[in-house]
Amino acid sequence: MPKILFLAQFAPTDGKVLVPPQTSEEEFYASTYHQKIIDVLTKGNYDFDTASDVNYLIRNHDKYQLVWSVYNRLGFRNSEIFVQSLCEFYNIEYIGATPNVRALVEDKSMSKQLAEHLGIKTAPWIVASKEYPLPHIPPFPGPYFVKPRFGSASMNIDESSFCQTWEDAIRKTEDYFSHRIDVIVEKYIDGLCYGVSILNSLEGQILIAPPHYTVSNKIGNIMTYSQKRFAEEGMSRYTSSDTSINTQLQHLSKKYFKEMQPCDYARVDFILEADSYIPYFLEVNVLMNLGIRGGFVNSFLENHFKTYDELIDYILRLGLSRVKR
């Protein structure tokens, strides 16, 4: 059996947790996500090691035929593509998306450009950085939503991200710039956020789960980083039962997913405008929470899979199939 290395922030290296959880959000990741995947690897009798230090992969790369990294951030800019790039350099198969695909979708501006190219509606947006700040005159009417341009973990997103005026948006971007974070400013769409979870398959038939939507008690229905990790109350997630909405969102998501290959799994997010029910492409996530309380997992447990272990085994088989080839 191929040797697997599972990389995660709270996975033990040499039997020790190098970075113990420090916050409730980190404890959520460790107990409901990283440890649960390790449990599946153990019960499935896979030949595997785990590590929380990417240097472990660099030092021991010749031992492994498959790498599964669930790192979203490694503490430096543009780190999202680092592990996959290492695997390409060492000629090791890996689970997830290729570096170029992940770089595309981690840039929210470029991912929106792909959506527009495919004829999928998006809200107006503009990007900014400390070197290239926002113009003084707004390029489109508000209100506005300000968030990091790169990455998909909702870090630093709170109610202050919702800005009624352009002046408020400029002040919010300056706060991000002080932390060396580039931003994207979107026209705020009043509506519900829908996520469509997608899996590739060995046979080439894409699996699409029923869309789910989220409701938050925050201003503008904003979902914060803490809410998504159940460290803060006020967010609820529901499976959509509207056949018309589901058919439309699944069609658009499948269209987008086919263009962002090679990729094993993803979640495509939309804002469904409250009055018109028009879906606006929001972003795509190729490394969402795969823990037992994650929206991706629970959507697929509504359809296609009966248990969490069965879903994780399926993802592992996608990677192992490439090793065999």
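This report describes selected strands, helices and backbone features of a predicted model.

**The parallel sheet**

Four strands make up an open sheet with parallel pairing, arranged in the order E2-E1-E3-E4. The edges are held by strand E2 (48-51) and strand E4 (93-95); each has a single partner strand, so one side of each lacks a neighbour in the sheet. On average, and with direction ignored, neighbouring strands of this sheet are turned by 20° against each other. Strand E3 (residues 66-69) runs parallel to E4 and is joined to E4 by three bridges. Within this pairing, valine 67 has tyrosine 94 of E4 as its bridge partner.

**Two packed helices**

The packing of two helices is described by the angle between their axes and by the distance between the axes. For helix H4 (residues 99-106) and helix H5 (residues 108-117), the angle is about 95° and the axes lie 5 Å apart. Because angles of 65 to 115 degrees count as roughly perpendicular, H4 and H5 are roughly perpendicular to each other. H4 contributes Leu104, Val105 and Glu106 to the contact, while H5 contributes Lys108, Met110, Ser111 and Leu114. Four of the residues in this contact of H4 with H5 are nonpolar, one is polar and two are charged.

**The hairpin of E13 and E14**

Strand E13 (residues 265-273) and E14 run antiparallel and are joined by six bridges. Arginine 267 is paired in a bridge with asparagine 285 of E14. The two strands, E13 and E14, form a hairpin with five residues between them. Seven of the seven residues of strand E14 (residues 279-285) are buried, so E14 is largely enclosed by the rest of the structure. Tyrosine 277, in the loop between E13 and E14, is by contrast exposed, with a relative accessible area of 53%.

Most residues other than glycine have a negative phi, and most peptide bonds are trans. The table lists departures from this pattern.

| Site | Feature | Value |
|---|---|---|
| Glycine 142 to proline 143 | cis peptide bond | omega about 0° |
| Glutamine 261 to proline 262 | cis peptide bond | omega near 5° |
| Arginine 180 | positive phi | phi near 60° |
| Tyrosine 277 | positive phi | phi near 65° |

Proline 143 lies in the loop between strand E5 (125-128) and strand E6 (144-148). Proline 262 is located in the loop between helix H8 (243-259) and E13. Arginine 180 belongs to the loop between helix H6 (166-177) and strand E8 (183-187), and at 58% relative accessibility arginine 180 counts as exposed.

Conventions:
Residues numbered from 1 in each chain as written. Predicted model: local features only at pLDDT ≥ 70, side-chain atom pairs only at ≥ 80, totals over all residues. Heavy atoms only, no water. Axes fitted to C-alpha atoms, helices over the stretch in contact; angles between N-to-C directions. Parallel < 35°, antiparallel > 145°, perpendicular 65-115°, else oblique. Contact = heavy atoms within 4.5 Å. Nonpolar A, V, L, I, M, F, W, Y, C, P; charged D, E, K, R; others polar. Pairing = 2+ DSSP bridges. Buried < 20%, exposed > 50% of the residue type's maximum accessible area, 1.4 Å probe, protein only.
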